[in-house]
Amino acid sequence: MNQNITQSTITPPSGAGGLVIINYGAGNIQSIMFAIERLGFKATLSNNPDEIQAADKVIFPGVGEASSAMEKLIESGLDTLIPNLKQPVLGICLGMQLMCKSSEEGNTKGLGIFDVDVIKFTPSVKVPQMGWNNIYNLQSPLFTGVNENEYMYLVHSFYAPLCKEAIATTNYEVEYASALQKNNFYGTQFHPEKSGDIGEKILSNFLNF
């Protein structure tokens with residue numbers, strides 16, 4: 001398995017399995033790969049449970065519809081593997097939503113990592129929310145060196161309401177959780193890989209946990 005290609009200040013731990021991006025057919029993987037490479041890292045794409053289990057860190061991306069994405073996870077057995085991972089795991093966009101208890105999209109049962117149900121914006125606002133919006137109430141080492149009210153890029157019609165696991169807030173129709181954390185699990189509704197230098201800073205923080 002590929003190891004991290006590190007910057008001079010970063011030394012991967014002995015025996016680390018590198019960075020794995022879960023490749024289950026529902027991720028915008030190429031842009032994530034490019035962002036990681038710009039930070040001086042290399043990632044392995046895999047849906048192999050053994051490789052994911054052995055990884056030093058895991059990124060769980062997702063673009064598309066919740067119920068079909070969950071079906072793909074179930075087919076490969078990743079629905080039972082992911083909630084039991086012990087290393088840092090970062091879910092992005094749909095990946096974060098699938099880590100929640102459920103989603104109104106397709107009446108989908110989620111992985112149950114975050115204790116919140118994903119719901120849809122009402123018809124009173126344009127959906128999907130597409131473009132730049134700010135994040136605030138930042139409450140995690142994931143945001144070390146990131147100022148309040150920085151702008152991130154988002155594309156989504158469903159959202160996680162504010163809950164005890166919220167570590168960032170965004171306002172679109174209502175205030176909602178634009179990032180979540182529970183133990184070693186992190187999730188961002190926004191796309192850090194598409195959010196310029198600040199997004200790359202957030203990715204760098206995760207990669208250096």
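These are my notebook entries on what I looked up in this predicted model.

**Ground rules**

I number residues from 1 along each chain as its sequence is written. Because the model is predicted, local features need pLDDT of at least 70 and side-chain atom pairs count only at pLDDT 80 or more, while totals for chains, interfaces and linings use all residues; side-chain values use heavy atoms, with hydrogens and water left out.

**Entry 1: the whole chain**

I began with the overall layout and found six helices and 13 strands. Helices here are DSSP runs of H or I with at least four residues, strands are runs of E with at least two, and both are numbered from the N terminus. The C-alpha trace spans about 50 × 40 × 30 Å along its principal axes.

Next I looked up the radius of gyration, taken over C-alpha atoms; the globule rule is 2.2 Å times the number of residues to the power 0.38. For 209 residues a compact globule would come near 17 Å, and the chain's 16 Å agrees with that.

I then checked burial (buried is under 20% relative accessible area, exposed over 50%, partly exposed in between, with a 1.4 Å probe and protein chains only). Of the 209 residues, 54% count as buried. For contacts I used heavy atoms within 4.5 Å. Among contacts with a separation of 6 or more, 69% join residues 24 or more positions apart.

Which residues of helix 3 are buried? In this helix, residues 66-75, I noted Ala66, Ala69, Met70 and Leu73. Seen down the helix axis, they fall within an arc of 100 degrees, so they line one face of helix 3. The arc is that of the directions from the helix axis to the C-beta atoms. The buried residues of helix 3 pack against strand 3 (57-60), helix 4 (78-81), helix 5, strand 5 (100-103) and strand 6 (108-109). Just after helix 3, I saw Gly77 with a positive phi of about 75 degrees.

Helix 1 (residues 29-38) has Ile29, Ser31, Ile32, Met33, Ala35 and Ile36 buried. Their partners are strand 1 (19-22), strand 2 (43-46), strand 3, strand 4 and helix 6 (196-207).

**Entry 2: the largest pocket**

I looked for pockets on a 1 Å grid over the protein atoms alone: a pocket is an open set of points where a 1.4 Å probe fits, with protein on both sides within 12 Å along at least five of seven lines, and lining residues have an atom within 4 Å of a point. Points are joined across faces, edges and corners, and the volume is the space filled by probe spheres set on them. The largest pocket holds about 240 Å³. Of its 15 lining residues, Gly64, Cys93, Val155, His156 and Ser157 are closest to the centre. Helix 5 (94-98) and strand 9 (150-156) each supply at least two residues of the lining. By class I noted six nonpolar, seven polar and two charged residues. Here Ala, Val, Leu, Ile, Met, Phe, Trp, Tyr, Cys and Pro are nonpolar, Asp, Glu, Lys and Arg charged, and the others, Gly among them, polar.

Is His191 buried or exposed? At 4% relative accessibility, His191 is buried, in the loop between strand 13 (185-188) and helix 6. Beyond four places in sequence, His191 touches Val63, Ile92, Cys93, Tyr153 and Val155. His191 and Val155 are 36 residues apart in sequence but 8.2 Å apart C-alpha to C-alpha.

Gly91 sits in strand 4 (residues 89-92) and is buried at 0% relative accessibility. Leaving aside neighbours within four places in sequence, I found Gly91 in contact with Phe60, Met96, Met99, Tyr186, Gly187 and Thr188.

Glu200, in helix 6, is buried with a relative accessible area of 15%. With the neighbours within four places set aside, Glu200 contacts Ala35, Arg38, Leu39 and Pro192.

**Entry 3: backbone details in loops**

A cis peptide bond joins Val127 and Pro128, with omega about 0 degrees. Pro128 is in the loop between strand 7 (114-120) and strand 8 (129-135).

Asn107 is not a glycine, yet has a positive phi of about 50 degrees. Asn107 lies between strand 5 and strand 6, in the loop, and is exposed at 70%.
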